[in-house]
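Trainee: I'm new to this structure and would like a close look at a single part of it. Could you take me through the open sheet and then show me what goes on around it?

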Amino acid sequence: MKDKIRIANAGGFWGDDLGVLRRQLEGGDVDYISSDFLAEVTMSILRKQQLKNESLGYVTDFVDQIVDVADLMKEKGVRMITNAGGINPIGCARKILTELKKKGISIKIAVVEGDNIIERIDEFYPSKANFKNMDTGDEFKDIFENIQSANIYLGVPPLLKALESGADLILAGRVTDTSVTMAPMIYELGWKLDDWDQLAAGLVAGHIIECGAQSTGGNFTDWQKVKRWDNMGYPIVEMNKNGEFTVYKHENTGGLISIDTIREQLVYEMGNPAQYISPDVVADFSQLVLEKQGENRVLVKNAKGHPSTPYLKVSMAFEDGYKATSSIVISGGKVLIKAQEFEKIFWERLKHTYLKKNTEFVGYNACHQHLAEDIDPNEILLRLSVYDTDVSKIKDFSMSIAPLILSGPPGVAVTGGRARMQQVITYWPTLIPKTCISSTVYVLNEDGEIKETSEIPSVLGNEQEIAATQSSNSYQENVKKKKGVKMCAVPFREICLARSGDKGDTVNIGVLARSKAVYEFLKTELTSERITDMFFGLSKGKVTRFEIDNLLALNFLLDEALDGGGTKSLMIDAQGKTFASALLNQEVVVPEEVLGTILSD
């Protein structure tokens, strides 16, 4: 067993920089490379591709990426784990092997299957799983007939079996984003599957690097501190056997790694920080300690873990009507008044009543609505969207934008033809007992033939299964204002950093104080009620607050904030990425003595 292991990330989503894999291999020594390609909606996209062509269903970009560097991987002895297999990992493996054979390169590939249960719904429902929506409590029977995809979030057990095969490349489908990083650590460092603190450390490390450059300066509140954006450095973790690890990037690369970039990534898409649930461990982020080790190096320690739950999460998607979006550019004087008149003309002429419709003024306030600063732009992109189950109403909408060009106010620029109708695929998160699911590991030879097969249960004999519940901890403190204290109005961005992300129709906003005094101030000032009031036009559900003292952070969950979320949303920011920026732009009145605790760079 090793004492430490280095794992580099080579991409955080389908569409990320395809040159990263080569750069991570050439930039310095690493032992493993992991990459994450699959978001919730991606599975349904892959399913649609496969229904048109049964040989597809995997991330085709990855084939070119791995074929380009396979010889270098073998030369350097680096192994790779990825979920690029989508819903057809064997098909992906065979395509890679075919292309490598043309180049005279041979690698060993192991494939993990078992996550795709779309053909097995009747086996589980309703006798073994009720498949209720985790977020809304809605009954599965209401969408049963329209299910498009259903994939289990598998954990590390099948990945460990694949590693035991000695495979150079391990291709999986829907495994958790963190498990592709955790598995090599468990395998190489000799951790047991009930070493909860070490597993939690692995999960934290995986969470930090799973989104690629988002932990190395991308999406960073203080983006102006990033000196170089070319040759962007992607994260690497060096994990020690005791669970302490360092996050860094290769020398002479762009980007930035600091305590603040890591803090921001830690709160990304976070729920309850004390109970970050995965199939393998429930991690507690509330006791983590971050220390700067040098330029672009941060030490992370003191992760705590608890036994995993008896359930696996299922990511389903179902067909749920249609939507379309049209837009035109409006320019000239008094452009906002002109755009509002175009909006009125358009909807009055169309006459239909839609299940949902939306108007956005891009360039004025499309992302932040009432929270945006009042400005007088020279041009606005008028964006009009509808959703309905009636195809004829969507078609009428798509033909209604063109007549505006010559029969409305002047100064219009055309951005495209008729709006294209899109099938809406809605995300449905749910649970299934682990006892229902097993996975399979296949090892392929260079001709793509299966030469080894192993069945892996999801419930392991040495694993203590307990149910972990997510509690909504709400903290309210009444602090008396000091008399005679000089106050100062500043934007939130001067006293904190923030990052936001989405899970279905819920937005999380992580707010990170720039000093301990600021954090104590935020705990009294930035309440759930204030966030509710701040985002009243955007968030229509409950707002829950969590305190993360060790990170000097608050995490807010805003329910019903994304117009249904995913592809069902008509919002221009359907993933809630801009919510943090909206908060940071708002003003807050702060005691000057608190502002004085913020160190300037």
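Mentor: Let's start with the sheet, move on to the helices against it, and finish with a few side chains.

Keep in mind as you look that this is a predicted model. The sheet is an open one of eleven strands, and the pairing is mixed. If you trace it across, the order is β11-β12-β8-β7-β1-β2-β3-β6-β4-β19-β20. At the edges sit β11 (289–294) and β20 (450–457), each of which pairs on one side only. Going from one strand to the next, the twist averages 20°.

Now zoom in on one pair of neighbours. Strand β7, residues 236–240, and strand β8, residues 245–248, run antiparallel, and four bridges join them. To find your place there, look for Val237, which stands opposite Val247 in β8.

Next come the helices. Helix α7, made of residues 179–189, packs on the sheet and touches β1 (4–9), β2 (32–35), β3 (79–82) and β7. The direction of α7 makes about 160° with that of β1. Helix α9, residues 259–266, lies across β8, β11 and β12 (297–301). Its angle to β11 is about 145°.

Back in the sheet order, find β19, which sits between β4 and β20. The loop between β18 (422–433) and β19 (438–444) holds Lys434. Lys434 has 2% relative accessibility, so it counts as buried. Where does the side chain of Lys434 reach? It goes to the backbone oxygen of Thr309, at 3.0 Å. Cys436 is buried too, because its relative accessibility is 16% and the cut-off for buried is under 20%.

While we're on cysteines, a search of the whole structure turns up zero disulfides. Take Cys488 as a case: it is in no disulfide, and the nearest cysteine sulfur, that of Cys496, is 15 Å away. Cys488 is partly exposed, with a relative accessible area of 27%.

Salt bridges are another story, as the whole structure has 31 of them. Side chains of opposite charge can pair when their charged atoms come close. Have a look at Asp17 and Arg23, whose side chains meet in a salt bridge at 3.0 Å, N to O. Both ends are partly exposed: Asp17 has 33% relative accessibility, and Arg23 has 25%.

Compare that with Arg174, which forms a salt bridge with Asp177, the closest N and O atoms being 2.9 Å apart. Here Arg174 is at 1% relative accessibility, so it counts as buried.

The side chains of Lys161 and Glu164 meet at 3.6 Å, N to O. These two are three residues apart in helix α6 (residues 157–164), which means that about one helical turn separates them. Lys161 is partly exposed, with a relative accessible area of 31%.

Finally, salt bridges can link up: Lys516, Glu520, Lys523 and Asp549 are joined in a network of them.

Notes:
Residues numbered from 1 in each chain as written. Predicted model: local features only at pLDDT ≥ 70, side-chain atom pairs only at ≥ 80, totals over all residues. Heavy atoms only, no water. Buried < 20%, exposed > 50% of the residue type's maximum accessible area, 1.4 Å probe, protein only. Polar contact = N/O pair within 3.5 Å; in protein donor to acceptor, adjacent residues only side chain to side chain. Pairing = 2+ DSSP bridges. Axes fitted to C-alpha atoms, helices over the stretch in contact; angles between N-to-C directions. Contact = heavy atoms within 4.5 Å. Salt bridge = Lys/Arg side-chain N within 4 Å of Asp/Glu carboxyl O. Disulfide = S-S within 2.5 Å.
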